[in-house]
Amino acid sequence: MSVNQSAPPVPPFEQPQPIYPGYHQSGYGGQPGSTALPTHYGTYNGPVPGYQQTSPQGVSRAPPSSGAPPASTAQAPCGQAAYGQFSQGDVQNGPSSTVHLQRLPSSQPFGSPPLAPVVSQPALLQPYGPPPTSAQVTAQLAGMQISGAVAPAPPPSGLGYGLPTPLASASGSFPNSGPYGSYPQGQALPLSQAQGHPGVLPPQRSAPPLASNFTSPASGGPRMPSMTGPLLPGQSFGGPPVSQPNHVSSTPSQALTSGTQITGPPGALPPMHSPQQPGYQMQQNGSFGPARSPQANYGSPYPGTPAFGSQPGPPQPLPPKRLDPDAIPSPIQVIEDDRNNRGSEPFVTGVRGQVPPLVTTNFLVKDQGNASPRYIRCTSYNIPCTSDMAKQAQVPLAAVIKPLASLPPEEASPYVVDHGESGPLRCNRCKAYMCPFMQFIEGGRRFQCCFCSCINDVPPQYFQHLDHTGKRVDTYDRPELSMGSYEFLATVDYCKNNKFPSPPAFIFMIDVSYNAIRTGLVKLLCEELKSLLDYLPREGGAEESAIRVGFVTYNKVLHFYNVKSSLAQPQMMVVSDVADMFVPLLDGFLVNINESRAVITSLLDQIPEMFADTRETETVFAPVIQAGMEALKAAECAGKLFLFHTSLPIAEAPGKLKNRDDRKLINTDKEKTLFQPQTGAYQSLAKECVAQGCCVDLFLFPNQYVDVATLSVVPQLTGGSVYKYACFQVENDQERFLSDLRRDVQKVVGFDAVMRVRTSTGIRAVDFFGAFYMSNTTDVELAGLDGDKTVTVEFKHDDRLNEESGALLQCALLYTSCAGQRRLRIHNLALNCCTQLADLYRNCETDTLINYMAKFAYRGVLNNPVKTVRDSLITQCAQILACYRKNCASPSSAGQLILPECMKLLPVYLNCVLKSDILQPGAEVTTDDRAYVRQLVTSMDVAETNVFFYPRLLPLTKSPIENTTEPPAVRASEERLSNGDIYLLENGLNLFLWVGASVQQGVVQSLFNVSSFSQITSGLSVLPILDNPLSKKVRGLIDNLRAQRSRYMKLIVVKQEDKLEMLFKHFLVEDKSLSGGASYVDFLCHMHKEIRQLLS
Ligand SMILES: [Zn+2]
């Protein structure tokens, strides 16, 4: 009962809004009619510095997890429409013709790549326009060598970024201008751009320099402004001459200064990262156990690939060697560099097309006209102007949107704007909402829509004069004119049946069959609910929650409870006709918790006793959801069902299921059926739920197969979450379950929501992934949407884009708040557009790409053989990289693998997706586990997929004991483990503590309170609470990791060479996996071969 007492629910959007002096806060309980007229904003004037976003007053915001949260359920409309593009895309966009064209100097037959010597790339040999975007990772696979290649940066003619921008001025001038006025003084800009284009930000070629970008190389941040062309003198570290506004910064040896060659004996392995990573080198050979054999037998996962070691080729000075793992791009290094380079300065969103810091970097965001990356992240912030270019590159154009994301306390929640009865101002034609990109003209009497170019009249009450730059003088008084994210109070026109909604309700529906009682679940749950109900979500500042609650228990029949405040005791009503579900009572079913507290407490005390002797083992499932939905319908409100369910619903009733689990289907064409629901009944039910605004959260406690694929259909389509506790036992699992439950009940939810993504002319949203329902091609319907859930949107061209005007996205979410207020949350984002592919590659975000690609693949398995899905991913990745190589990299030997700086982790991360339990399951993974994870990933945000696919491995005993900050991670490979140390590994869902066999006795004693390694209990899930610095430090770290994740991670202690270690090793994703997944090194070799095939 601890957590909830100390942490009252404080959902982000019910926060007291940050106060601008004089800025009218449209009151919450407030009448939508009370307008905040422009005059109310009066005193707040102008942007910075007065414009600082004051942190919310009063109550602290949402749970600690705000930075890197969520995880939950769900998956897109199952089945239909799902996969089409998967294979299609490949056919359609094909191994893009251009990619074939170029024949590399030393043409070789497939499969026998030439073994070229390491060649660095003299910058002078840059024959063509597009500046290489990056430090190029050059892996000369022939000799298993890696070298760097210079990516010289000739200023492209006629393009903005050829202008040599002095570092100082560039870094000094950006922040703090308003959303528009972001141009550094003195930075030359084409006049037409500077003056702006109707409704849009002046284009910035390539991402503009952030102040934080300009860390000097010496400080470990080889990052340079993208606008500088030639290599700076003295930059001998060889950082990419064209710098990255993006994450990845290259490491010293990766890119060479012009004309420089990597030193070292021919054929040796020039270390790429080790010079910067002292920690790594030592660990590499400090590994324990049998040395990893060269993983040459790559043939198995990719038939037809000859072992690399045996490839013929030009003369090799040395016998083939295994690729040095230290010489290939390291996720750890990339993450570390980004933290160092971008973690110190706030990310200011005033400039179009800026690539934000990585999700693994802690940074603050200042909204100056574009939505924070906490709300929207894109695969690329610079979109090709034409669909031909986009097809050539094969880089998916997608945005991962988390509309209700919680923010850290230092950042302001979106301001609420109230336009009174007239409602939000919108474009008459495309219905886009007023935003900073709308262009006011004719002295302010009209505005041109930035999405469709329609000219609209400004209503008299909204009129305002323009200043000499054409900007409204009240721009900074109005969030909708100056900020990327804000909310509008909706008028009654935005409400169902033209009626303002009632406050939502929560209904708790508890399985009381034999299994639920026997495991102690029912008792535990009822006990917890007694206190948890005091922490239902509240609108900011409200004394109590407006949410009403109701209770149902069930096995083969349903029991409704009347908990009306006037009753002395709760009354039970049984409905046994589950085929035709109805709600036996209206009055007294949904109640205010405070009014009915005594009756509810009495009920929760009685439930475990009432069913204590049950022998009923069978359960129903669909009728339970039906009942909850009907109850909400009768009460004319939206809401959420919390279902606590234990078994396959085999009792005679609608939605009855049979056990159809069959592991023999794995790797056959029928494997997809394991992911599909076994009946269409749940889809129909889900559709009814969505229409009612009934969101379903499902807590599963299975002892065996329960068909998660089918049971999760309704949660998935209603924006709900699924939690699964296999073989639940109170003593082992209660902490995890209760922690998840508390968070789930308390978290902010928007109900009965519709989300629409509008785009400027030229692109449009064509595909959607996440936990929601769609009855047409544009509206994402969400019975519920919480702050953890993301909706991923893919865009395609339908016309040519324009570099000057860029591309705009506007995500509008209409929803009912937990107090029953109808609101619109708007997020705007402006992206750049390019005519050079190099600009695309320079502004990509690999973490977001992987998020999208995983979701695409995970949906693909519903309709395609898993192998087909895997092959498509590999092909797409190869096409992306081949296109870069052909069009953007400087010419070099075919024996070199050249990766775009921003995408140098694409191979390692993609390999993790390919090896995941969905696409390449190990023997120990159950069908239910796969279905569960599949739907979880569908609504994960970028931070979650990042750590889910590439787990964090933290050495605990390497840093001084007094240093309690999180130690730097090491790469997820067995080679990085030293048997004298202890490590934590987490991926957002799992948490392991690995103990090396030679750990000092003192350490064992301090942590486990036993005297030797052999006495440590394998599989332990709780560390003893001991009063010593090491114990405190490790337990503190564990708490910290848990706080960062949206689901409680249960700890498992694993001893080296113990049976459980197999489980742990599954997460060492750089290694070859037991289920046949390739090691990182092998996959990189394979990827290189694929790229060469495309290029030859
Ligand atoms: Zn419009």
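The structure is a predicted model, in which local features need pLDDT of at least 70 and side-chain atom pairs count only at pLDDT 80 or more, while totals for chains, interfaces and linings use all residues. Residues are numbered from 1 along each chain as its sequence is written, and side-chain values use heavy atoms, with hydrogens and water left out.

The protein averages a pLDDT (the predictor's confidence in each residue, from 0 to 100) of 77, and 71% of the residues score at least 70. Over residues 1-320 the pLDDT stays under 50.

Ile-918 is found in the loop between helix H22 (906-914) and helix H23 (927-938); helices (H or I, at least four residues) and strands (E, at least two) are DSSP runs numbered from the N terminus. Leaving aside residues up to four places away in sequence, Ile-918 touches Phe-675, Tyr-858, Val-861, Val-866, Arg-930, Val-933 and Arg-934, where contact means heavy atoms within 4.5 Å. Ile-918 and Tyr-858 are 60 residues apart in sequence, yet their C-alpha atoms are 7.2 Å apart in space.

A search of the whole structure finds 31 aromatic pairs, in which rings of Phe, Tyr and Trp (its six-membered ring) have centres within 6.5 Å, with planes under 30 degrees apart counted as stacked, over 60 as edge-to-face and the rest as tilted. One of them joins Phe-992 and Phe-1064 edge-to-face, at 5.7 Å centre to centre and 75° between the planes. This pair links distant parts of the chain, with Phe-992 in strand E29 and Phe-1064 in helix H27, 72 residues apart, and both residues are buried.

Two arginines sit over phenylalanine rings, as tabulated below; the criterion is NZ of Lys or CZ of Arg within 6 Å of the ring centre and within 35 degrees of the ring normal.

| Charged residue | Ring | Distance from ring centre |
|---|---|---|
| Arg-374 | Phe-363 | 5.2 Å |
| Arg-472 | Phe-440 | 4.8 Å |

Elsewhere, 4 strands form an open antiparallel sheet in the order E5-E7-E23-E21, two strands being paired if DSSP finds at least two bridges between them. Strand E5 (376-378) and strand E21 (763-769) stand at the edges with a single partner strand each, so one side of each is left without a neighbour in the sheet. E5 is joined to strand E7 (residues 398-401) by 3 bridges, and Cys-378 stands opposite Ala-399 in E7.

Key
Buried < 20%, exposed > 50% of the residue type's maximum accessible area, 1.4 Å probe, protein only.
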